[in-house]
Structures are given as C-alpha cells and as structure tokens.
Amino acid sequence: MSDDKLIAIVVLNYNGYSDTIDCLKSLEDLTYSPYVVVLIDNASIDDSVGRITDCFSNRFALHFVDNDDSPSQTVAMFHEGTRDSGSEEYSQLFLVQNRENIGFAAGCNQGIRLALSMGSHYIWLLNNDTVVDSDSLLILANYLSDHPACQVATPQIRLFNEPDRIWNCGGLLKWYGARKYFFVHRPVTELPEQEKIDITFVTGCAPLIRSSLLQEKGGFTEKFFFGEEDYEFSLRMKKAKVKMVCCLKSVIYHKVGMSVDRSSNDSFIGRIYIHYLNRFINLRSYWPYFFWYGWRLIYAGYIDRLLRKKTDCRPFDRYRFIKKLMQDSREMNGVDRQTFLKILNDPSAYFEKP
C-alpha cells in the first residue's frame, strides 16, 4: 500500500464503553498504516466518554471535536496532530460527543463527513462490538488498491463467542425483498480457498469503502432512526452497479447475539414491527408501486405466521398489528426517533385505534 493512503476508521458508541474499549484496543495492533480513528459517542449516559478517555489518553493522540467545530477546525487539528511528534508513536483518535442520540445512520454519516474532511482515501465503518485481526484492514485495503473497479470490501465476520464459526461473509439481495447471507453460522472449514466472493449485500458491521464513492453516492440513509441502513445502501449500490466483495482472508469477530430474547413479548413485537415497517418503506422507493403494493399484501401472510410462532398474540392482536403496518408503510416516509421509541417501548398502545 502507498503510505499516503490514509484510512479513517469510524466507530459509533452508545452506552457501550466496554465493547468499544475492546474494539479500540484491537485496532492498536493493526498492521496497516496510516489510519485515524473517528469515534462518535451518541449521547451515552453510562460515562462512556470518561471511561474511554481514561483508557486511551496515553495510547492514542486524543482530540476532542465539538459539534460546533467547523470542518476547517477539524482539518487543522488533524494536521497539527500529524506534525506532533507524539503522533509518530500513537495513532490519532478524534472523539465527538453528541448532545443527543441522533441514531445509527446519522451518527455514521457524521463520522464519514469528519473523515472526508481529513482527506482519507478509504473509510472503514466498524461496529463497536467487534474485535479485529491485526491484518484485517491491510488485506481489505490491498484488495481495493489492487482492484480499482471494486468500491466496497468487507471482511469475513466470525462470531466472537464461537471464533471458528462464521456470522456472515456478505450476501445477495433477493428479488422478493430479502437478503441471503453467505456461509451464515457455518464452520470456517467450509470456506473455499479463494481470495474473495462477489456480493450485492454488505452488512454495516465492517465495510471498507472508497471515499470517492461516499462523496458521489452518499453514506447511509437517515430515513430510519435504527435499522435498514445497510439494506438501503446495498440497494443503492446495486442500482448503480457498484462492485462489492467479501475478502475471505480478512477476519473480524462480532459480538452478535445468537438468540432472540423472548422474555418480553411486547419487546419482540415492537422489534418485528420496526423491522418490517422500515423494510416496506424502503422498498417503496425502489420498486414499481403496484408490484410493491401486491408484494406487501402477500408478505402479510408470512408476518402473521411469524407472530403465531414467536408470540402469544391473539388473532385480533395480529390483525391490528398487520393493519397498522399496512397503513404506516403506505403513509410514512421514514421512522424517526420519536416513532421508533414509541413502538419499541409500548407497542400495544401504538396499535390501538386512535
């Protein structure tokens, strides 16, 4: 790799300092250089900023970025850190503390804008609940450098608690509005001996993206407070015929949950509702309306079966759920923070007839 190809690693934290600290510690062992870390704290209330600062004040060249700082101030801070003798020993960490939780997509986009202002060549969007192999970023960056036609590269993502089992290796967008992951929950011994596989779906967990692509096509959609951002991004990339790959030799580990918490019936119902509301609204923007309308009605049957299998909803409750979902997905253009929290925290009240 050329030494002047700066990579910005964007990490979003919300009340997850323990995972974020593990993630940042793993970045210290990266074999790629130069890189800079952009950490967005989304208004955590668990003293994340204090704990992260205490842990890394002597391990990174640490800069605090105020929400009111202009891009030129951040660039000056970056160049000053580059000239500082300490930056030769420590990578730079830019920490932004948001005054309110603006959501996952908006937080990532905030980090992307900051990274672009520094002149980064690539941007690595990395979930805070990941731990990376030391060569993971180098392999991704080398692939993009050697293959100019490719715009996005993601690593092989393994389960943190089962390191010999795969979470996914990207996947494919299906014509019927779903996605198919590659090698999901399969043992690593089943992976083929090849450098990469072509994908049309990339999870938001750890994609390395050319800055030029983000400048041209934009980052994640901010229609949704949480969820659907990687699916919409993949739809947009497929429509634009952007080439994306999974580099099988690049490995990270994700602390993903292996089972759905069924202790709270309402909580599960709220999460299911938000997932399908996001998906229905999203696909309405990409499909012909009458196809979308008919597909959505057919999908309602699948959702009804899902509710019967996973919850103790009565027939009338399932009817209210699906009726409200059909109405909202037809009338709403997104799911903001207020609506997201209302559905998640009290779905029964949300489905009540006004």
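Helices here are DSSP runs of H or I with at least four residues, numbered from the N terminus. The model is predicted: local features need pLDDT of at least 70, side-chain atom pairs count only at pLDDT 80 or more, and totals for chains, interfaces and linings use all residues. Residues are numbered from 1 along each chain as its sequence is written, and side-chain values use heavy atoms, with hydrogens and water left out.

**Exercise 1.** Find what E229 touches.

Solution. 
- Contact means heavy atoms within 4.5 Å. Leaving out residues up to four places away in sequence, E229 touches F104, A105, F220 and T221.
- F104 is 125 residues from E229 along the chain, and their C-alpha atoms are 8.4 Å apart.
- A polar atom of the E229 side chain lies 3.0 Å from the backbone nitrogen of G227.

**Exercise 2.** Describe how helix 1 and helix 2 pack.

Solution. 
- Helix 1 (residues 17-27) and helix 2 (residues 48-56) pack at about 30 degrees, and their axes, lines fitted to C-alpha atoms over the stretch in contact, are 10 Å apart.
- Angles run from 0 to 180 degrees between N-to-C directions, and those under 35 degrees count as roughly parallel. Helix 1 and helix 2 are therefore roughly parallel.
- From helix 1, Y17, T20, I21, L24 and K25 meet S48, R51, I52, C55 and F56 of helix 2.

Terms used: Helix = DSSP H or I, 4+ residues; strand = E, 2+ residues; numbered from the N terminus. Parallel < 35°, antiparallel > 145°, perpendicular 65-115°, else oblique. Polar contact = N/O pair within 3.5 Å; in protein donor to acceptor, adjacent residues only side chain to side chain.
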